[in-house]
Amino acid sequence: MVDLHGRKINYLRISVTDLCNLRCKYCIPEKGIKKIEHKEILTLEEIQKVTEKFADIGVNKVRITGGEPLVRQNILKLVEGIGKMDKVKDLAMTTNGTRLKEYARSLNHAGLNRLNISLDTLNEDKYSKITKVGKLKDVLEGIEAAKKEGLQPIKLNVVLIKDFNENEIEAFVNLTKYEDIDVRFIELMPIGDLKYWSLNKYLSNQVVLERVPSLVEIKSSDISSPAKYYKLPNAKGRVGLINPISCKFCENCNRIRLTADGKIKSCLHSNDEIDLKKILRDGKDITELITKVIENKPKEHGLNDGNYTKRNMTAIGG
């Protein structure tokens with residue numbers, strides 16, 4: 001599928017739940033979030049059916065997200081189902097890593113290819129502070145379990161937060177020296193109820209290059225990747241910079257999103273959502289709707305104009 005701006009859309013991101021076992025400050029407001037009613041959440045069978053439709057019209061990359069996908073009951077059943085689809089060539093998952101020690105082997109056997117793991121600090125006390133309930137040890141053990149199972153390349157997603165983790169940039173970059181691992185710094189995005197908190201805590205990724213001037217930019221074969229990649233001299237791994245605020249990457253965006261409650265979002269930062277669930281549950285063919293949404297994918301996000309998405313991150317699978 002190609003949209004009206006000439007972009008080939010071949011990447012589906014699926015949020016399987018709005019629930020998470022952590023309470024990260026940039027994701028969940030102090031007052032908490034209103035959970036989506038169980039009946040409104042797509043069943044695993046519905047998600048698989050929708051994925052098959054997307055694959056039929058050209059999607060060959062799928063990423064499972066949340067909330068936290070590993071809190072979804074029977075998630076391995078979905079991974080296995082999508083993993084068996086001939087047209088899906090790359091099946092990935094974004095996770096906070098706290099349950100990976102338990103799930104890594106089963107995910108590998110079910111057909112998962114690779115992982116992105118969210119980790120914003122290497123300090124135990126700071127990790128407990130930012131997640132409110134998490135333990136760094138669980139994530140580190142999960143990363144080791146994923147390596148052992150060959151779920152690679154592993155990508156660590158680090159959200160840069162002012163007055164919190166900018167003093168750990170060098171430590172994260174150094175993780176790439178001796179291991180084939182990508183550390184990707186992501187600019188904090190204003191989303192949902194926490195948009196103003198995020199704007200106050202925003203740091204440009206330029207600070208990474210200032211703190212580690214020895215990083216050298218390298219070319220990526222994937223022009224649709226949101227990250228610009230760099231390397232330390234002779235390092236095994238890479239450092240990625242994802243700059244949604246300071247440098248738009250919309251021109252080569254190839255993504256379409258499915259929320260846990262069955263809405264199609266053609267842009268993470270847009271409030272435009274199309275209800276796929278109703279048509280699906282009415283027993284009608286969803287191919288025409290999917291095609292139309294993809295064709296009309298917006299040219300770019302509106303973050304720089306103050307157009308922020310109203311739903312919180314857990315509800316849209318950031």
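Before we go on, please keep in mind that the model is predicted.

Asp90 belongs to strand β3, which covers residues 90-95. Which residues touch Asp90, once its neighbours within four places in sequence are left aside? They are Asn60, Lys61 and Val62, together with Asn113 and Arg114.

Ile64 sits in strand β2, residues 61-65. Its relative accessibility is 0%, so Ile64 counts as buried. With residues up to four places away in sequence not counted, Ile64 touches Ile14, Val16 and Pro69, then Ile75, Leu78, Val79 and Ile82, and also Leu91, Ala92, Met93 and Thr94. Ile64 and Arg13 are 51 residues apart in sequence, and their C-alpha atoms are 6.0 Å apart in space.

Val159 is a residue of strand β5, residues 154-160. Val159 counts as buried because its relative accessibility is 12%, under the 20% limit. Leaving aside neighbours within four places in sequence, Val159 is in contact with Tyr26, Asp120, Asn165, Ile186 and Leu188. Along the chain, 152 residues separate Val159 from Arg7, and their C-alpha atoms are 27 Å apart.

## How the helices pack

Two packed helices are described by the angle between their axes and the distance between the axes.

| Helix pair | Angle between axes | Distance between axes |
|---|---|---|
| α1 (residues 44-56) and α2 (residues 75-83) | about 20 degrees | 10 Å |
| α2 and α3 (residues 100-110) | roughly 30 degrees | within 8 Å |
| α3 and α5 (residues 136-148) | about 15 degrees | 8 Å |

What do these angles say about direction? Angles under 35 degrees count as roughly parallel, so α1 and α2 are roughly parallel to each other. α1 passes α2 in a right-handed crossing. On the α1 side, the contact is made by Leu44, Glu45, Ile47, Gln48 and Thr51, and α2 brings Lys77, Leu78, Gly81 and Ile82. Sorted by class, this α1 and α2 contact has four nonpolar, three polar and two charged residues.

The axes of α2 and α3 cross at roughly 30 degrees, which makes α2 roughly parallel to α3. Ile75, Leu76, Val79, Glu80 and Gly83 of α2 meet Tyr103, Ser106, Leu107 and Ala110 of α3. By class, the contact of α2 with α3 has six nonpolar, two polar and one charged residues.

α3 and α5 pack at about 15 degrees, and therefore these two helices are roughly parallel as well. The crossing of α3 past α5 is right-handed. Leu100, Lys101 and Ala104 of α3 make the contact with Glu141, Gly142, Ala145 and Ala146 of α5. The contact of α3 with α5 divides into four nonpolar, one polar and two charged residues.

## Cysteines without disulfides

A disulfide is a covalent bond between the sulfur atoms of two cysteines. How many disulfides does a search of the whole structure find? The search finds zero.

Cys24 itself is buried, with a relative accessible area of 15%.

For Cys267, the closest cysteine sulfur is in Cys250, at 6.2 Å, which is too far for a bond. Cys267 also counts as buried, at 14% relative accessibility.

## Backbone details in the loops

Most residues other than glycine have a negative phi, and most peptide bonds are trans. Some places in this model are worth a look against that background.

Gly66 and Gly67 are joined by a cis peptide bond, with omega about 10 degrees. Gly67 is found in the loop between β2 and α2. A cis peptide bond also joins Gln152 and Pro153, with omega about 5 degrees. Pro153 is part of the loop between α5 and β5.

Asp163 has a positive phi, near 65 degrees. This residue lies in the loop between β5 and α6 (169-174). Is Asp163 buried or exposed? Asp163 is exposed, with a relative accessible area of 60%.

Asn234 also has a positive phi near 65 degrees. Its place is the loop between β8 (227-231) and β9 (238-242). Asn234 is exposed, with a relative accessible area of 80%.

Conventions: Residues are numbered from 1 along each chain as its sequence is written. This is a predicted model: local features need pLDDT of at least 70, side-chain atom pairs count only at pLDDT 80 or more; totals for chains, interfaces and linings use all residues. Side-chain values use heavy atoms; hydrogens and water are left out. Axes are lines fitted to C-alpha atoms, for helices over the stretch in contact, and angles run from 0 to 180 degrees between N-to-C directions. Helices (H or I, at least four residues) and strands (E, at least two) are DSSP runs, numbered from the N terminus. Angles under 35 degrees count as roughly parallel, over 145 as roughly antiparallel, 65 to 115 as roughly perpendicular and the rest as oblique. A crossing is left-handed if the near helix is turned anticlockwise from the far one by less than a right angle, and right-handed if clockwise. Contact means heavy atoms within 4.5 Å. Ala, Val, Leu, Ile, Met, Phe, Trp, Tyr, Cys and Pro count as nonpolar, Asp, Glu, Lys and Arg as charged, and the others, Gly among them, as polar. A disulfide is a pair of cysteine sulfur atoms within 2.5 Å. Buried means under 20% relative accessible area, exposed over 50%, partly exposed in between (1.4 Å probe, protein chains only).
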